[in-house]
Amino acid sequence: MASNIWVLAETWRGQVTETTLELLTLGREVAGQSGSQLEAVLLGDKSLAASLGAADNVLCAANVEPTPEAVAAALAQLVKERQPQAVLVPWTNLSMDAGALAAAQLNVPFVNGCKDLKSDAGTLVAQCVVYGGKLEAAVSATTASTLFGVLPGSRSAASPGNAPTVTDVAVTLPEAKVKFTKYLEPEAGGVDITQQDVLIAVGRGIQTQDNMELANDLAAALGGAVCGSRPVIDQGWLPLSCQVGKSGMQVKPKLYIMLGISGAPEHIEGIKGAQVVVAVNTDAAAPVFNASHYGINADLFEVVPALTEAVKAKKG
Amino acid sequence: MNILVLLKMVPDVVEELEVAGDGKSLDTSFLRTIINERDDHALEQAILLKERHGGKVTVVALDAPDIDDTLFATMAKGADRAVKITDAPEGMTTQMAAKLCGQVVAGLLPADLVLTGVQALDDLDGLSAALVAQQLNFPYIGVVTAVTAGGPTATVLKEFAGGVRGEFAVTLPAVLGVQAAEKPPRYVPVAKVRAVMKTNKIETVSAPGDAGAAQIEVRQLAKPVVSSHAEMLEGSPEEAAGKLVELLAQRGLL
Amino acid sequence: MPVIAEDMNEITLENLWNTPEGHRVLSCMQCGMCAGTCPYGEVMEYPPRRIIGMLKAGELDTVLRSQSLLTCVTCYACMNKCPRGIRLTEVLLPLVKEQTFIQLTDMPAELQKALENTDRYGNPLGESPRKRADWVKTSKVPVRILPTDRKPTDVLWFVECYTAYHPRGQDNCRATAKLFHALGVDFAILGHEEKCAGECARLTGETGLFDKLTDYTMKLLGKYKFNRLVTSGAHAYDTFVHEYRPRGFNHELDHTVSFFASRLDQLKPKLKKKLNYTVTYHDACALGRHNNMYDEPRKLLAAIPGVKLVEMEHNRENGICCGGGGGGMWLDTYYKAKGYERLSERRIKEAIATGANVLAVSCPYEVSRFEDALKTVGGNSNMIVRDVVELLAESLEE
C-alpha cells in the first residue's frame, strides 16, 4: 500500500476553510488512484477535527500557533517522521508562505498554483497555472513527499462526514521569531459584498474614477452592489472590503457581471461560487471569457449604459 | 537599516507567450522580460523604509536580458548598490535560482531585512523568499503589505482574505515575501536613469557553486484548454444588452 | 541643422536669462492676457503671468511645489495671445513643467502608467508592440508594412499610437488607407517598428523619455527610403515640425488633413456619396494654434457633398482645447479629483449648441475624449464624433 496523501487543514479564525474541504475532495481522488489513505493535518484547535470527516484520519498537533513559521516547522517535522506520498497545501494567502517554507526545510518542491492533480502510473502530475494564467504546465516531482500548492476551486467542498479518527501527534517547535499580534479589520462602512445576490465587478478597463458611475447605475438598476478587482481598489476607487479575488473576498452571488476585467486567475478565484457570470471586454481573447457564461466583446462604455436602460425597461 | 532586495526578471505577458517546439518550455524568440511585479513592490517597500529610517538598499538579481536597465532604474529610484549574478546556468527553476541567490545574499550580510516578492509569475517549484530564508536561517513571513521597523523587531502586516490583515512582530534579521508595498512603486524619470547610468556601476559576482538539479519535471507546457468559453452575445451594444437582459430574465435574475 | 538642436537643449531655467528667449521673457509686462486666455487659468494657482513674476523674483520653487503646471494642457492659447510674443508654450512652460515633473512626489497613477507604457512598449496604452500593425488585417485595401517589404515608398505613413491601437483610432486607420488607395498613393507603414513620436512625453515634462523616443525614431526613419512622411497624429505632426526638424529630419511632412487637402482636386471627384450632416469642426491645438492649419480641414469638409459646416462660438485661434495635450490625456482623474471641469465636456457643450449632428476632429485623442464627454454631458444629443478622414472615406462609398 502506497504511503498516504495528506491535506494541510487550513484554519481561519476558529474554522476550517472551504478550500481545505475542496482539497479533501481532490485528495480523496488522488488517494483512490494510488490506493492510499487520506489524512488531514490539523495544526491547532483539536475540536476542528470534526469538520474533517472526509479524511480517513486526522493528525492533530494542538500546540501550533497560526504563524507561517510554526506551521511550516510542524508540518516539516511530521512529513519527515511519517513520509506521506504528497501533501496538498491550500494555495492561499493564509497558507502559501507556510507551505513554501516547509518545502524549503524538507528540500522538496512546493509545486505552485495547481488546479488539478492526478496519479499517472504511480507518479503525481499537477496541472499548474503559470505566467498569470497565460499558460498551464503539467508538472511532476522527482522527490517523495512533495508539497503541492492547490488553488481554491479545484473541486467542490467535501462534506464533513462522520467524526474522523484523530491521532494526536507531538511536534517540537523552535523559539518563535514571528509572533502574531492582532487582526486589522478592513475599513467599515461599505456593503458586505459576500452577501449580495447581484454584483457588478469593475476592473482596469473602467479607466477612471468617475466612470464608476456607469457601474453604480447598472448596480442600482439590478438591485446589486459594485465590487472590483485589485487595480480598482489600488486606485482607491472602492474600499478594500469591495475587492474580489485571491487577496480579497470570495463571493457567491447569483449574478456576477464583470466590466473591463481581463480575467486573471487571482480574480477568477474569488468568484467560483457565482452562479451566472457575464463578462464585457473589448479584448475578444481576454481570459475572462473562459471564465464566464455569457460574454459581450465590446466597449463597456457603450454596453453598460445600454444594459442599464434595457434592465430598467424590462423591469418596468 | 540595511536592506537587501532580491529581484528577478520574468516573461512580460503583454506579449503573447508561445510554447517552444519541445512542448515543454517557452519560445524565447520574441520573449521580453520585465521585473517581477511583486519584486518591484519589494524594492519600493525597501526604499520607503530607507527614507524613514536611513540606511542602505542593495539590490541583487540574476543576469537576464534587459537586467542592466532594470538595475540602473532601481538605483535611480534610491537603491545604493546593484549586484548582478553572472554566469548562472540557463533554465534554472525557482529552487535552483534561490540556491545561488541565497549564497550571494549571504555574502552581502549583515542586513536587517531581505525583501523579495512573495511569488513570481514563473515560479513552479517553490517560492524564492522562503527558500532564501531557509538558507540564511532567518525568520520568514509572506504576503506582506506593510513594514514598520525600529528596534530588534519589525512590525509586519500580512494580508489575508476579505481585506483582513494580520499584524506580526518579526525578529530581525528576517526575510519578507512582499505582496504589495505601502505605496505603488514610484516613477523614475528617464533622464534620471540615464544620469545614473553615467555615474553608477553595476557590481557583478559570478554565480557561486552549484545550483543543483531540478526536482520537478515539466511534462507539458500549453495554452489553457478553452473548455468553457462564454456564449458570446453578438450585435450592436444595444442588441447585445437586449439579448443579455432576455437571458437573465429567463433565469429569473431580474 | 543639429546645431540648433544643441542650442535648444542648452536653454535651461538656470541660463534662461542669458538666451534670446530669456530676454523675451524679461519683456513681460504682466498684462495677464495669458492667464485670461488659459482654459485652466481660473484654477491654476500660478498661471503663466505669475510664473514669470515668480521666476524673476527667484521664487520658482514655490511654483514647482504647487504643481500648477500639471494643469497646463499645452493648448498654445497663452502663447498665441501674448502681445510680447513670448514663446510660453514652446520654451518657458516646458522648462518649468520639466522641473515640476522631476520634483513630483505623487505622480498621478494614470499618467505614471502611460509614461511607463510608452517607455516600455512604445505606446501609452500598454499594448503589445508586436500588435501595432494588427489593424491592417481589418483593412479592406492592402497596406504595405516596410519592415517586411523594404522597397522605397513615396509616402511613409506614421500611424501613431491611439490610431494604431484604439478601436476608434483603427477606424481612422482604415479610412486613411482607403483614401490613400483611392488616390493611388504609394504608401507604407513602419509596422511594429514604429513607436510613439514622443510629443506628449516632452510636454508632460518627461523630456528624458522624449529624447529616447526621438533618438529611436530618427534612427528608424534613417533606415528607409521615402519622400514624404504623413502622420495621423496631430501631436506627432506638431513634434515632427518643431522638434524633429531641428534634429535633422528633412523630409516633406504632412498631417493626413493637410495631405488630403493638398490633393483635394484629385479627391473631390471621388467624393460621390452625399452625407447629410451638419458638421462642426473642432480645431486641434497642435494643428491650429501651433501650426496654423485652420483652412485645410474646413476645405476638406466643405468638399463632401451634403455637408453643411457650422462654427462653434470659439473656433480657429480661439478654439477651446479638448484637455488632452501635455499629458492631460492621462490626468482626467487628477483634474476631476481636484474638482476641475473637464475641458472636453466644456467643448462638447459648445459643439452641441451649434445644432450640428457631427463633431469633426483631426486628432486621434479627440474621438474618445469627446465620445466620453457626450456620455457624461451630452444629454439627449444625437451628436456623433468623426475624424475628418472618416467622413471623407464615408463619402467615397457609393
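A:Val89 stands opposite A:Gly149, a residue of strand 10 of chain A. The model is a predicted one, in which local features need pLDDT of at least 70 and side-chain atom pairs count only at pLDDT 80 or more, while totals for chains, interfaces and linings use all residues. Residues are numbered from 1 along each chain as its sequence is written, and chains are lettered from A and ligands numbered from 1 in the order in which they are written.

Helices (H or I, at least four residues) and strands (E, at least two) are DSSP runs, numbered from the N terminus, and two strands pair if DSSP finds at least two bridges between them. Strand 6 (residues 86-90) of chain A runs parallel to strand 10 of chain A and is joined to it by five bridges. Strand 7 (residues 110-120) of chain A is also parallel to strand 10, with three bridges between them; here A:Val111 has A:Phe148 as its bridge partner.

The largest core has 257 residues, of which A:Leu75, A:Leu88, A:Val111, B:Val5, B:Val132 and C:Leu392 touch the most other members. Helix 2 (residues 68-82) of chain A gives this core its largest share, nine residues. Apart from this core lies another, of 61 residues, including A:Val244, A:Ile261, A:Val288 and A:Val303. Two residues are in contact if their C-beta atoms, placed from the backbone, lie within 7 Å. Leaving aside neighbours within four places in sequence, B:Val132 is in contact with B:Leu6, B:Ala98, B:Cys101, B:Gly102, B:Val105, B:Val114 and B:Val175.

Chain B as a whole has six helices and 13 strands. Its C-alpha trace spans about 65 × 45 × 40 Å along the principal axes. Of the 254 residues of chain B, 47% count as buried. Among contacts in chain B with a separation of 6 or more, 72% come from residues 24 or more positions apart.

Turning to the interfaces, 72 residues of chain A are in contact with 67 residues of chain B. Helix 7 (residues 300-315) of chain A supplies the largest share of the side of chain A that touches chain B, eight residues. By class, that side has 40 nonpolar, 19 polar and 13 charged residues; Ala, Val, Leu, Ile, Met, Phe, Trp, Tyr, Cys and Pro count as nonpolar, Asp, Glu, Lys and Arg as charged, and the others, Gly among them, as polar. Strand pairing also links these two chains: six bridges join strand 12 (residues 178-184) of chain A to strand 9 (residues 165-171) of chain B, and the two run antiparallel. Within strand 9 of chain B, B:Ala169 stands opposite A:Lys179.

The contact between chains C and B takes 17 residues from chain C and nine residues from chain B. Helix 7 (88-103), helix 8 (109-121) and helix 12 (207-222) of chain C each supply at least two residues of the side of chain C that touches chain B, and helix 8 of chain C gives the largest share, six residues.

The domain assignment of chain C, with bounds from an automatic or database assignment, gives domain 1 (2-103), domain 2 (109-262) and domain 3 (270-396). Chain C also holds an open sheet of five strands in the order 1-3-2-4-5, with parallel pairing. Strand 1 (144-145) and strand 5 of chain C stand at the edges with a single partner strand each, so one side of each is left without a neighbour in the sheet. Finally, nine of the eleven residues of helix 13 (residues 234-244) of chain C are buried, so this helix is largely enclosed by the rest of the structure.

Key. Buried ≥ 20, exposed ≤ 12 C-beta atoms within 10 Å, placed from the backbone. Core = buried A, V, L, I, M, F, W, Y, C linked by C-beta atoms within 7 Å.
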